[in-house]
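Subject: Structure handover

Hello,

Here is the structure I said I would pass on. My notes follow below it.

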Amino acid sequence: MKVLNSLGKFLDQPRLVNNFSKYVPMLITISASGIVLNDVYKTHPEKRKKRLIQNGLTMFGAVASSLLAPKITAKLFKTAPKIVGIKELERQNTNLINRFLKQNKVGRETEDVLHRAKNNILGLNDIDILTKNLKTHNETKLLQDLIPEPENISSKEIFSEIGRLSVFGLIPVMGGVLGGILGDKLSGENYKEKVPNKIKEGAYQYLANIFLCNIGAGCALGLLEKSNIKSKSARALGMVAGIILTGVIGGSAIANFIGKNIINKCFNKCNNSEKERKPEPLDICLHSDDIATVAVMSGLRWIEPSLPALYSISGYRAGIGYRGKEN
């Protein structure tokens, strides 16, 4: 538990979260470009230009919308930005540490770490030194001010947070579908024939991998909050159980039902022999964004900057109209 506690504090350092947030767009863009170029390279030379247009615009729609999603949801849900600028962090940390050292005596080793904390990211060993040596009320308060503890959201905030994360996940899926349709149209494909599959895959990705999982996690968290259970481990396990029940088990069936009985009929495409979209290994891997949801709802700050990367994968798969290995 001490190792996990130190690791959690290390990852939740405001400076580390700040730096990670700053580099996420570049990392996503490089990774997405690599995926598209690799796919184009594997395509027959005569079809590469067409493939580049199709998959390039699909990926652009998914990635660009995923990077815009945090700003859009912040405006819609009026959530204040949680990222503090580097200069402001340095000023805050310097003031806190200087004031503390004037009023308290600590060992040389601890003092050296505190001086580093003014304008550097602390290593795991540094975190261990501080948690081991800062024991009194004033000392632990300083550590909490430098690296704030994750906050459990209240019952009043649960549904707002579910709504925010669900809208956050919807935006990249919509962006991927629109990018995919545009790519097909500009490349000369009969894009109208492919639209139903894109919308069905979008519904599958959103319902099975995002929305219903958020609902399951939120409902479980609500029950735990009502039962006055504050343990972070208990809340995390409860949310994972909620995700498994609603998203992993029920999400696929609901998404397939909607695709077959609603989306197909909207496009006058009634094919009773159509195979249902089955969960695949990558779909299971995509539930890592549900673990991210659990972490966000548990108050871990370092997870949120990674959400655009996780949701853009769902957006891309929706945009190419992926409906299983047979396609």
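Glu-161 is part of helix H8. In this predicted model, Glu-161 has a relative accessibility of 12%, and since buried means under 20%, this residue counts as buried. Its side chain is in polar contact with the side chain of Arg-164, at 2.8 Å.

In one of them, the ring centres of Phe-168 and Tyr-311 are 5.6 Å apart. The planes of Phe-168 and Tyr-311 meet at 55 degrees; a pair counts as stacked under 30 degrees and as edge-to-face over 60, so this one is classed as tilted. Phe-168 belongs to helix H8 (residues 155-186), whereas Tyr-311 belongs to helix H13 (residues 307-319), so the pair links parts of the chain that are 143 residues apart in sequence. Both Phe-168 and Tyr-311 are buried.

Tyr-206 and Phe-211 make up another aromatic pair, this one stacked, with 5.7 Å from centre to centre and 20 degrees between the planes. The burial of these two residues can be read from their accessibility. Tyr-206 has a relative accessible area of 14% and is therefore buried.

On helix H2, I checked the length. The helix covers residues 14-42, which is 29 residues. At 1.5 Å a residue, H2 should span 42 Å, and its end C-alpha atoms are 42 Å apart, so the two values agree. H2 does have a kink of about 40 degrees at Tyr-23, shortly before the proline Pro-25. The buried residues of H2 include Arg-15, Leu-16, Val-17 and Asn-18. Also buried in this helix are Val-24, Ile-28, Ala-32, Val-36 and Val-40.

Last, the cysteines. How many disulfides does the structure hold? The count is 0. A disulfide is a covalent bond between the sulfur atoms of two cysteines. As for accessibility, Cys-213 has a relative accessible area of 1% and is therefore buried. Cys-219 has a relative accessibility of 40%, so this cysteine counts as partly exposed.

Regards

Terms used: Residues are numbered from 1 along each chain as its sequence is written. This is a predicted model: local features need pLDDT of at least 70, side-chain atom pairs count only at pLDDT 80 or more; totals for chains, interfaces and linings use all residues. Side-chain values use heavy atoms; hydrogens and water are left out. Helices (H or I, at least four residues) and strands (E, at least two) are DSSP runs, numbered from the N terminus. The expected span of a helix is 1.5 Å times one less than its number of residues. The bend at a residue is the angle between axes fitted to the seven residues ending there and the seven starting there. Buried means under 20% relative accessible area, exposed over 50%, partly exposed in between (1.4 Å probe, protein chains only). A disulfide is a pair of cysteine sulfur atoms within 2.5 Å. Rings of Phe, Tyr and Trp (its six-membered ring) pair if their centres lie within 6.5 Å; planes under 30 degrees apart count as stacked, over 60 as edge-to-face and the rest as tilted. A polar contact is a pair of N or O atoms within 3.5 Å; within protein, one must be able to donate a hydrogen and the other to accept it, and residues adjacent in sequence count only if both atoms are side-chain atoms.
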